[in-house]
Amino acid sequence: MSTLHRREFLYGLGSSLGAVAMTALQAENREGPLATQQPMHKPKAKAVIMLFMEGGPSHIDTFDPKPALTKLHLGESTRTKGLATGKRFFVGSPFKSRKVGNSGIEMSDQWKYLADPEVADELCVYRGCKAESLNHPEALLHMNTGSRLGGDPGVGAWMTYGLGSENRNLPGYVVMTELALPQAGPANWTNGFLPAHFQGTRLRSTGSPILDLNPPKYKTREHQRKALDQLAMLNQAHAQEHPEHAELAARMESYELAYRMQMAVPGIIDIDREPKHLQEAYGLDRKETASFGRQCMMARRLVEEGVRFVQIFAGGWDSHDYLEKGHASRIASVDQPIAALIKDLKMRGLLDDTLVVWTGEFGRTPDNNYRGGVTALGRGHNADAMNMWFAGGGTKAGSVVGATDEIGSEAVEVVHPIRDVHITMLHLMGLDDNKLTYFHAGRYKQLSQFGGELIPEIIA
């Protein structure tokens with residue numbers, strides 16, 4: 001039965017009896033919070049794989065080359081925006097760029113595999129986005145939850161809330177990280193004020209992705225089932241005495257999900273069963289790409305099994321110094337796995353309805369500040385200009401949308417804030433941000449916070 005908090009109950013008294021009865025009936029008929037729901041309009045995608053480059057990748061050195069900036073290299077900069085303080089100097093890109101594929105998308109020469117026309121011509125590079133925060137934790141939370149303050153649901157939580165999950169034996173929202181968590185930690189994939197069922201499930205980066213996936217040798221499945229049934233009976237009795245505690249119901253369901261996952265997950269995470277040529281395509285045979293490649297392959301397997309939202313975090317993009325070494329290393333670690341993921345999805349017929357998103361939390365500045373009189377060849381944080389790209393899921397393949405100024409300091413064409421990116425992602429999944437709401441703290445809340453608009457140029 002749906003549980004109403006006191007404030008929600010009082011709010012509901014203003015409705016007609018018919019409306020209240022209909023709401024209760026809908027709640028009763030729903031087969032659990034993660035049951036598959038009908039989209040609000042015809043979707044172009046049914047799953048999302050979000051590749052998050054934590055630290056803020058430089059658009060200038062990845063997908064938005066600036067020849068004019070190269071001519072200004074080491075010259076004095078008078079920029080005053082953002083974190084700019086003291087004497088500053090321009091930093092030209094240490095990388096060359098070229099146009100790739102039949103579409104002629106520009107990218108730095110560090111991208112070897114992504115430059116393959118079969119991959120490049122699937123990309124929709126968006127150069128017009130603007131962030132709002134220059135601090136990593138706030139910017140990460142903003143990109144991942146729509147709020148800089150923390151405590152709000154992650155994008156994946158909103159999507160599973162609106163659409164449910166297509167596989168009752170797996171979480172609807174899965175997150176993978178490196179050894180260190182991204183700044184702000186699990187707040188990036190929290191359920192926030194949504195019911196606990198919608199929080200992201202993190203898979204560990206080393207060892208077994210999920211702890212206790214296999215029961216102890218001394219405990220049989222029958223023994224485990226009987227123990228769960230006994231626990232469920234005790235919890236159910238407690239829940240009837242405290243119906244307002246929705247967290248208890250979520251915990252009870254999580255036990256059952258964990259039991260089902262013990263049967264379903266081992267086959268999915270055992271990627272050693274994949275053909276050797278495919279493992280090599282993802283870079284599993286190379287030290288620098290093995291970890292991220294394994295996660296990308298697992299992401300494909302998860303969406304193939306009906307997981308709604310998969311997010312992979314790759315850190316180390318915060319290049320205030322040693323830009324050339326840092327970005328070259330980071331690009332080399334993700335380039336081959338990402339290209340293999342796109343090809344693999346395409347080959348299996350999954351790319352059409354899987355939205356792949358590549359992004360960071362903000363962009364980088366065209367200049368840097370002197371520190372101790374040293375010209376550190378790096379870049380600061382830039383909320384006024386950032387790049388991201390999309391592939392599949394109904395986005396416009398082989399295109400570049402928007403632009404920054406001649407030195408990459410600020411977005412100047414098809415300019416939109418992050419909330420409009422979120423609204424567009426929801427739209428591609430068949431969800432309307434203005435209708436996908438949840439009543440909390442006296443008002444209806446939504447991912448965009450207070451509304452926004454689509455970015456139609458991104459949609460095919």
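**A sheet, a helix and some rings**

Three strands make an open sheet, in the order E2-E3-E12, with antiparallel pairing. Strand E2 (76-77) and strand E12 (367-369) are at the edges with a single partner strand each, so one side of each has no neighbour in the sheet. On terms, helices (H or I, at least four residues) and strands (E, at least two) are DSSP runs numbered from the N terminus, and two strands pair if DSSP finds at least two bridges between them.

Before going on: this is a predicted model, where local features need pLDDT of at least 70 and side-chain atom pairs count only at pLDDT 80 or more, while totals for chains, interfaces and linings use all residues. Residues are numbered from 1 along each chain as its sequence is written, and side-chain values use heavy atoms, with hydrogens and water left out.

Back to the sheet. Strand E3 (residues 88-90) is joined to E12 by three bridges, and Arg 88 stands opposite Asn 369 in E12. The charged end of Lys 87 sits over the ring of Tyr 370, 5.5 Å from its centre; that term requires NZ of Lys or CZ of Arg within 6 Å of the ring centre and within 35 degrees of the ring normal.

Next, helix H12. Nine of its 11 residues are buried, so H12 is largely enclosed by the rest of the structure. Buried means under 20% relative accessible area, with exposed over 50% and partly exposed in between (1.4 Å probe, protein chains only). His 422 is in this helix, residues 418-428, and has 2% relative accessibility. What does His 422 touch, leaving aside its neighbours within four places in sequence? His 142, Met 143, Gly 146, Val 155 and Leu 447, where contact means heavy atoms within 4.5 Å. Just after H12, Gly 430 has a positive phi of about 85°.

Now the aromatics. The whole structure has 15 aromatic pairs. In Trp 158 and Tyr 161, the ring centres are 6.0 Å apart and the planes at 70°, so this pair is edge-to-face. Rings of Phe, Tyr and Trp (its six-membered ring) pair if their centres lie within 6.5 Å; planes under 30 degrees apart are stacked, over 60 edge-to-face, and the rest tilted. Trp 158 is buried at 1%, and Tyr 161 is buried at 18%. Phe 193 and Tyr 438 have centres 6.2 Å apart and planes at 20°, so that pair is stacked. Both Phe 193 and Tyr 438 are buried.
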